[in-house]
Amino acid sequence: MIKLANIHKQFGHSEILKGIDLEINQGEIIVIIGSSGTGKSTLLRCINFLEQADQGTITIDDISVDSRRATPAEILQLRRKTGFVFQNYALFAHLTAQENIAEGLITVRKWKKDQAFAKAQEILNDIGLGDKCEQYPASLSGGQQQRVGIGRAMAMSPELLLFDEPTSALDPEWVGEVLSLMKKLAKDHQTMLVVTHEMQFAKEVADRVIFMADGHIVEQGSPQDIFNHPQDIRLRKFLNQVGIE
């Protein structure tokens, strides 16, 4: 369903992604792990052109885009098939929770406002925030803001949900509620690509775990293979550092 072919990205003289190849099946949950600075977040941002890769092809369903020659129309087509959940929520401070979720439906999908608001309310109910529709981000907890961020991505019915360390900016008491919502999405067979440091989440939810280092996918496999039988010495060292081995 989704294919990345030979993705390269360089910032200045530093090559961050060094030829990433990856295929993701419909309904598959892939968790990417690895030390900071190994290109995990950059890879996610290149998939929907928050960053433009220097080389490589991104294919989602029938849309295939060459990163070097992508037109604005092609980028828009690709973005309509993805949803992005940021680590810092990225909500509009001047909009209510309901308005934040409805905004993309109105501006991108061209829905009528009452239709978009009804859908936003439905999503808020589904993520356990039905009573917060008129609340502004500043009056919500970090966990609630992140759930609204996930709800905003869900509203677009994306083929692929991209999560960039969705719990890293949260206080510890709010992490569980966000992970619970992500587990619910996994049970609903939402295709997800997740960059996270939450190893327990990866163990419980992932169909496949990918370990990145030095701009490459170094090792990938089932959670059992990655966490219990790591092959690469860099993976073994990483797991030891995060307290897995």
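I started with the record: UniProt, in an unreviewed entry, places the feature "domain: ABC transporter" at residues 2-239. UniProt positions are given in the numbering used here, feature names are shortened, and annotations may be inferred rather than shown by experiment. I noted that this is a predicted model, where local features need pLDDT of at least 70 and side-chain atom pairs count only at pLDDT 80 or more, while totals for chains, interfaces and linings use all residues. Residues are numbered from 1 along each chain as its sequence is written, and side-chain values use heavy atoms, with hydrogens and water left out.

**Overall make-up.** I looked up residues 2-239 and got 38% helix and 26% strand. The end C-alpha atoms of that stretch are 28 Å apart. Helices (H or I, at least four residues) and strands (E, at least two) are DSSP runs, numbered from the N terminus.

**Strand β7.** I went to residues 160-164 next. Is β7 buried or exposed? Five of its five residues are buried, so β7 is largely enclosed by the rest of the structure. Buried means under 20% relative accessible area, exposed over 50%, and partly exposed in between (1.4 Å probe, protein chains only). I checked both faces: L160, L162 and D164 sit on one side, L161 and F163 on the other, and all are buried.

Then I looked for the neighbours of β7. Two strands pair if DSSP finds at least two bridges between them. β6 runs parallel to β7, joined by four bridges, and G83 stands opposite L161 in β7. β8 (residues 192-195) also pairs with β7 in the parallel sense, over four bridges. There I found D164 opposite V195 in β8.

**Strand β9.** Residues 208-213 came next. Six of the six residues of β9 are buried, so the strand is largely enclosed by the rest of the structure. R208, I210 and M212 point one way, and V209, F211 and A213 the other. Which strand runs parallel to β9? I found β3 (residues 29-33), joined to β9 by four bridges, with V31 and V209 as bridge partners. β10 (residues 216-221) pairs with β9 in the antiparallel sense over five bridges, and M212 has I217 as its bridge partner in β10.

**Two hairpins.** β9 and β10 form a hairpin with two residues between them, and D214 in the turn has a positive phi of about 55°. I also looked at β4 (residues 55-60) and β5 (residues 63-66), which pair in the antiparallel sense over four bridges. I58 has V65 in β5 as its bridge partner. That hairpin has two residues between the strands, and D61 takes a positive phi near 55°.

A90 is not a glycine, yet I read a positive phi of about 55° for it. A90 lies in the loop between β6 and α3, and at 35% relative accessibility A90 counts as partly exposed. K110 is not a glycine either, and has a positive phi of about 65°. I placed K110 in the loop between α3 and α4 (113-126). K110 is exposed, with a relative accessible area of 64%.

**The largest pocket.** Rolling a probe the size of a water molecule over the atoms shows where empty space is left. The search uses a 1 Å grid over the protein atoms alone: a cavity is a set of points where a 1.4 Å probe fits but cannot get out, a pocket is an open set with protein on both sides within 12 Å along at least five of seven lines, and lining residues have an atom within 4 Å of a point. I noted 19 lining residues for the largest pocket, with T82, F84, V108, R152 and M156 nearest its centre. Elements giving two or more residues to that lining are α2 (72-79), β6 (82-85), α3 (97-107) and α5 (142-155). Which one gives the most? I found α3, with four residues.

**L105.** I stayed on helix α3 for L105. L105 is buried, with a relative accessible area of 0%. Its C-alpha atom is 9.1 Å from that of R152, 47 residues apart along the chain.

**Cysteines.** I looked for disulfides (a pair of cysteine sulfur atoms within 2.5 Å). The count comes to zero. C46 counts as buried at 1% relative accessibility, and C133 counts as buried at 15%.
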